[in-house]
Amino acid sequence: MRKLRHLIAVLAVLAGALFLTACGSDGQAPASSQPSTKTIDIKFEGKSVTPNGERVNVAIGQEVKFVVTADAPGEIHVHSSPEKQLEYGTGTTILDLGSFKTAGIIEVESHSLEKTIVQLEVK
Amino acid sequence: MISAHGIGGARDLPISPELAIAGAVAALTISFTVLAVAWRTPRYDAATSGRPAPAWIVGIVDSTWWRVLWRAVGFVLFLYTAMVAVFGKDLLTNPLFGIFYVWWWVALVPLSLLFGRVWRAISPVRTINLIFAKLSGGDPETGVYRYPEWLGHWPAAIGLYAFVWMELVYPYSTELGPVRLWCAVYVALMLIGGALFGNVFYERADPFEVYSSLVAKLSVWGRRDGALLVRSPLANLDTVTPRAGLVAVTAVLFGSTAFDSFKDSTHWVTFLQGSDYINNHSWAPTLVNNLALLGFCLAVGAIFAAGTMLTGVEPGFRRRTLPGLFAHSIVPIIVGYIIAHYLSYLLEAGEATLIKASDPFSNGSNWFGTANWKVDYYFAYHPTMLANIKVLAVVCGHVVGVIAAHDRAVKLLPRRHQLTGQLPLLFAMVAFTIGGLWLLFSA
C-alpha cells in the first residue's frame, strides 16, 4: 500500500514536470502581413460536390474567391456572422466573398444538396 | 442533413495542440496528485455540511413575494414563447428557435450554477400544476399516485435524449412546426405527470428540472430540511441522491455534447459525405447520425459504469449500485465541458435571440428596444483567450470530479481497495477529459 502511494506520488511529480514543459513551448509565429487572394474551386455535378467538407485555412483579412463550375444553378450559404447567400448559374461563376475580420470556423454549405462544401478556418 | 444549424454563424476555432496537451497533462497530474495526497477519511457529509445562509438572504429567498415573482417571470416567458410558437412566422428570425435551443437549453446551465435550482423556481409547468391544485382545493405536492421509486430519473433521461435528438439529429430542427410540437408534448406530459404524481414528478422526471437541479449541486446553495445553506460546491455535490436513471441522465448530457462537437469535425463530415452508400440513400445520413448520437451516449454510460464497478467491494455489497453512487462525480466534468463547448455560442446566439425577441412576428416591430442591437462577437476577436477559458473549464471540471469521486471512494470502498479501487474510475475520468480536449482540438 505504502509503495503504491509512493509510486503514484512519483508519477504525479513526473506528470507535473511534463506539464510545465508542455506549457513552456507555447510560442507561435505571427501570421504574415498581407496575404494574397485565396481561390477555391468548387464543382457541382449532379448530387455531388467537390471539395467535400474539407477544411481550408484562411488568414484574417484575406480575400476569398469561389470559382464555381455547375451543371445547374443554385445557392451557396456561407455561415459567417452575419450569414451570406451567394447564387451561381450553370457553367462557371466567380463569387467574391470578401474577407473575414474575425477568427472562427465558417461552414460553406449547399442547402439544395444538404452538404458542407468547405469549412473555412479563419485565423 | 448535417450541421445546418440555422442559428449561430461562424463556429469557434479549434484549440491549439499545445493547449490541448497542456490541459491533458494537467488533468493527469492533478488526478494522481489527488489520489496520492488527498484525505483518507470521508470529508463531506450531507447531514452536517454547510452553514446557514445569511439571515437577510433567507429573508428574501424564503418570502412569498420572491417565489411569486419568479413564478411570474417564468410564466411571462412561457406565455411569450407560446405566442411566438403559435403566431410567429416559420422563419429563422422567429425568436422561438433561440429561446428553445439557446436560452432554455444552454443558459439554464450557468444560471443554475450561479443561483441554484432555477428551473424549479420558474418552471411554468409547476406553476400551472400549482394553479390547478389551488383551484381544485388540492395539494400540488401530492397526486393520485405515489411516484414509483424504480422510475427514478429515467423519464428525465428519455426527455433529455428527446431534446438532443431534436437539436442534433432531426433534419428539420429549425422549422417552426416540429419545435412547437416538441414543446406542446413536453407541456402536456408534464401536466399529466404532475396531476398523477404531484410535484415529486417534476423533481425526478422533468428533464429540465433534473438537469438544472443537478447543475445546481455545483452551486453554493443547498437546502437541508427546508433551511437554506451555503456550502462549498464539493460538499453540495456530495448531496446528490443516487436514483435510478441518474447515470443515464449524465450519459445523455455528456454523450450528446461530445457528439455535437464531433459531428462538425472534418472526420465526420468527410466520412458522411464521402460514402457512396450514404449518398445514394436519402435516409442514410439521418440514420447514421442517430446511431452516432446513441453510440456516444451509450459509450459514456458504459465507460463510466465499468470505471466505477471495477473495484473490490465488501462481501454482500451490490456492485451494480456503484455507478449511481459515483454518478455525482461526473457532473463537474460535464459542466466543465459544456461551458467550453457553449460559452461563445451562449453569448452570441443568446444575444441574437434577444434581438430577434424584440420583433416576435418578423414584421419589423421593436417591442423591447433591442431590435437594433448588434451582436457582440467578443470572443471571435479574442480566440486565444476563448481557448484558454475552454481548457481551464475542462480541467477545473475534471479536478472537482476527481475529488468528489475520491471522497466517495474512501466512504464506500473497503480500506484495502480504496486506492486501487479508484484507479479504473480515474482512468475513465481522464479518458472523458482527454476525449473532450481532443474534440475541442479537432472540431
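# Reading chain B

Analyst: B:Gly222 stands opposite B:Leu229 in S3(B). The model is predicted: local features need pLDDT of at least 70 and side-chain atom pairs 80 or more, while totals for chains, interfaces and linings use all residues. Residues are numbered from 1 along each chain as written, and chains are lettered from A and ligands numbered from 1 in written order.

User: How do you know how S2(B) and strand S3 (residues 227-230) run, and how many bridges join them?

Analyst: They run antiparallel, joined by 4 bridges. Pairing takes at least two DSSP bridges. Strands are DSSP E runs of at least two residues, helices H or I runs of at least four, numbered from the N terminus.

User: Is B:Asp264 buried or exposed, and why?

Analyst: Buried, because it has 21 C-beta neighbours inside 10 Å. B:Asp264 sits in the loop between helix H13 (246-263) and helix H14 (266-274).

User: What makes helix H11 (residues 207-216) of chain B largely enclosed?

Analyst: 10 of its 10 residues are buried, so the rest of the structure largely encloses H11. Among them are B:Phe208 and B:Leu214.

User: Why are H8(B) and H13(B) called roughly parallel?

Analyst: Their axes cross at roughly 10 degrees and come within 8 Å. Axes are lines fitted to C-alpha atoms over the stretch in contact, with angles from 0 to 180 degrees between N-to-C directions. Under 35 degrees is roughly parallel, over 145 roughly antiparallel, 65 to 115 roughly perpendicular, the rest oblique. H8(B) and H13(B) are therefore roughly parallel.

Note on methods
A residue is buried if 20 or more other C-beta atoms lie within 10 Å of its own, exposed if 12 or fewer, and partly exposed in between; C-beta atoms are placed from the backbone.
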